[in-house]
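Me: Hi! Could you walk me through this structure? I'm new to reading these.

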Amino acid sequence: MTVTALRGKVIARLLEDPNKNRVTKGGVITLADNSEERGVRARWFQTISVGDEVDDIKEGQYILVSHGRWTRGIEVDGEKIYGIDVPEILGTSEEMPDV
């Protein structure tokens with residue numbers, strides 16, 4: 001199934017599993033605490049579709065989004081995708097971020 005973003009919208013995939021603990025390069029374990037206050041942090045996504053009237057963002061780019069500024073997500077062809085609040089995109093990258 002192909003999903004296309006409407007005008008002014010972005011659809012993306014989350015690059016990390018929010019239910020999985022992370023280990024930093026220094027070996028520090030960061031708990032999967034997305035639903036708790038200490039888990040509030042920006043997350044990296046990769047864009048799947050970018051609607052008309054969205055400037056500075058392209059399909060396939062990596063975007064850093066303020067915590068919680070995306071939809072709950074829906075399952076499409078076995079992959080969970082999210083709608084992103086465009087004003088809450090903090091930055092972009094052409095290279096895969098280290099998540």
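This is a predicted model: local features need pLDDT of at least 70, side-chain atom pairs count only at pLDDT 80 or more; totals for chains, interfaces and linings use all residues.

Me: Great. In what order do the strands of the open sheet come?

Reply: The order is S6-S7-S1-S4-S5-S8, six strands in all, with antiparallel pairing. Strands S6 (74-76) and S8 (89-93) are the edges, each pairing on one side only. From one strand to the next, the twist averages 45°.

Me: And how many bridges join S5 to S8?

Reply: Four, and the two strands run antiparallel. As an example of who faces whom, Ile-63 stands opposite Thr-92 in S8.

Me: New topic: which residues of the largest nonpolar core touch the most other members?

Reply: Those are Val-10, Phe-45, Ile-63, Val-65, Ile-84 and Ile-89, out of 13 residues in that core. Strands S1 (10-14), S4, S5 (62-65) and S7 (79-84) each supply at least two core residues. The largest share, three residues, comes from S1.

Me: Now Gln-46. Buried or exposed?

Reply: Gln-46 counts as buried because its relative accessibility is 18%, and the cut-off for buried is under 20%. You'll find Gln-46 in strand S4 (residues 43-50).

Me: Which backbone oxygen does the Gln-46 side chain reach?

Reply: The side chain reaches the backbone oxygen of Gly-60, at 3.1 Å. Gly-60 is also among the residues Gln-46 touches, as are Ala-12, Leu-15 and Tyr-62.

Technical notes:
Residues are numbered from 1 along each chain as its sequence is written. Side-chain values use heavy atoms; hydrogens and water are left out. Buried means under 20% relative accessible area, exposed over 50%, partly exposed in between (1.4 Å probe, protein chains only). A polar contact is a pair of N or O atoms within 3.5 Å; within protein, one must be able to donate a hydrogen and the other to accept it, and residues adjacent in sequence count only if both atoms are side-chain atoms. Contact means heavy atoms within 4.5 Å. A nonpolar core is a set of buried Ala, Val, Leu, Ile, Met, Phe, Trp, Tyr and Cys residues joined through side-chain atoms within 4.5 Å. Two strands pair if DSSP finds at least two bridges between them. Axes are lines fitted to C-alpha atoms, for helices over the stretch in contact, and angles run from 0 to 180 degrees between N-to-C directions. Lists of a residue's contacts leave out its neighbours within four places in sequence.
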